[in-house]
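Hi,

Here is the structure I promised to pass on to you.

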Amino acid sequence: MADKTTLKYTPEHEWLDIDGNVATVGITAYAAEKLGDVVFVELPDVNEAVTAGSVIGEIESTKSVGELFAPVDGTVTENNPAVVDEPSLVNSDPFGEGWLIKVQFDAAPDGLLSWDEYSALVGE
Amino acid sequence: MSDPEPERTSPLHAVHSGLGASFTDFAGWQMPVRYTSDLAEHAAVRTAAGIFDLSHMAEILVYGRDAGVFLDTAMAGMLSTIDLMQAKYSLLLTESGGILDDVVVYRLGDTTFLVVANAGNRDAAAAALSERAAGFEVTVDDQSDDYALIAVQGPNSRAILEQTAGITELGLPLDELTYYRATDAFFEGVPLLVARTGYTGEDGFELYLRTTAAVPLWHALESAGAQHGLVPAGLASRDTLRLEAGMPLYGHELDTGTQPAQAGLGRVVSLSKDTDFIGRSAVEAGPAENARVLVGLVSEGRRAGRAGYPVVSGETVIGAVTSGALSPTLGHPIMMAYVEPSHAEPGTALVVDVRGTPIPATVTPLPFYRRKK
């Protein structure tokens, strides 16, 4: 599991683990808990170009449907097949095995939140 | 929902917080949506038992010399003739035959009835009953604030209740209490109504008592349930359980624009009674010939259509989903939808538009799930 305090966050409850020009992206434990038991995950294909803020996938629970937003302009380099086969990984390990995609970007995104800022946002 | 009132909380709120519940707004109430996992809570009710706090539901007492005939006039069903301690599912209709609320009515005495209404319709139901009471010797007394409701649902429910400390003076042994019957009892000296009713498709009980005794009753049930696999269950699991059981939810399958026949509830309307009940002429005239009717839909894969998603035949939208989920018990998507009557026959192949993706679906009889007796 990644160290939550060193990750970056978006107001859409996604986390980014940035290594060079590649970001690993998932949803936060807070978001996973709000969704409830995740039963279906749809992710963008590898090599798909994505635009920051656009909807690129879905995370569906028994109760509701959550959208996956691209956190940055770039190209998908990997998607996590384990989470498609076993969507409950999003609940059981949102910051680890429940990661969703890796995106290669040219310019680092602006406006990301620190752990403290994100925690303040969700009031926890 | 724009509710200017602050959110209300159940008398069991602190218990839920202590159990780590996540809360959701439901009809202006802050109620547990889940404690740990929707799916685990759902499975527990199907295989063992779950305990639900339903204290948001509305309890309206109707009593007085004319109570029976009053209810026959105010509601679609025949209620004056039900037995003492019998429960009956009924409907409050509008003059135009739409569904104002779906309720369960208990006969507590010769001239005393308890009407249990949906939390979101509490005011509408109480107001309609009060209005309709004009000219009858009857009192409509909304006691919702004073009542808690705890449900124990699942195959182990009876064993749990039989072993719950503090439940005494049961009017009827629970093995003799049949479906949709109730009996009086006491819990630690406080009057308790034990009803064999529910909204999950399983055997189970609903327990009504004063709010002041709700916490000790919850703890006593939990203690007795520990060895029977009882788990606290939230509204998320309640929704998937009732959906599998093909039970309508007000605001999804039922509303004032829908007549009982469209919702498959024609049997609840007593056209054989002599009473000119509210909505009778409209229901006798029936909905428009092409009015959409409620059907079940099943599909493959894991993606369910949700409330509001279009149902399509060929290129034409012929209906809309009202409730849908991946069925935890069956493992495939199940939906309830209103479709044009020409597409309502079981076996009809339709398509649900799931956020732009067409998902083939087949009309199927309700319920989706029926417990083994």
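Chain B is divided into domain 1 (8-54 + 146-244) and domain 2 (288-364), with bounds that come from an automatic or database domain assignment. Their C-alpha centres lie 32 Å apart. Each of these two domains of chain B gives seven residues to the contact between them, where two residues are in contact if their C-beta atoms, placed from the backbone, lie within 7 Å.

Before going on, a word on conventions: this is a predicted model, in which local features need pLDDT of at least 70 and side-chain atom pairs count only at pLDDT 80 or more, while totals for chains, interfaces and linings use all residues. Residues are numbered from 1 along each chain as its sequence is written, and chains are lettered from A and ligands numbered from 1 in the order in which they are written.

On the side of domain 1 of chain B that touches domain 2, the elements giving two or more residues are α2 (38-47) and α7 (235-244) of chain B. Helices (H or I, at least four residues) and strands (E, at least two) are DSSP runs, numbered from the N terminus. The largest share of that side, four residues, comes from α2(B).

Asp25(B) stands opposite Gln30(B) in β3(B). Two residues lie between the strands, and Ala27(B) takes a positive phi near 55°.

Best wishes

Definitions and conventions
Two strands pair if DSSP finds at least two bridges between them.
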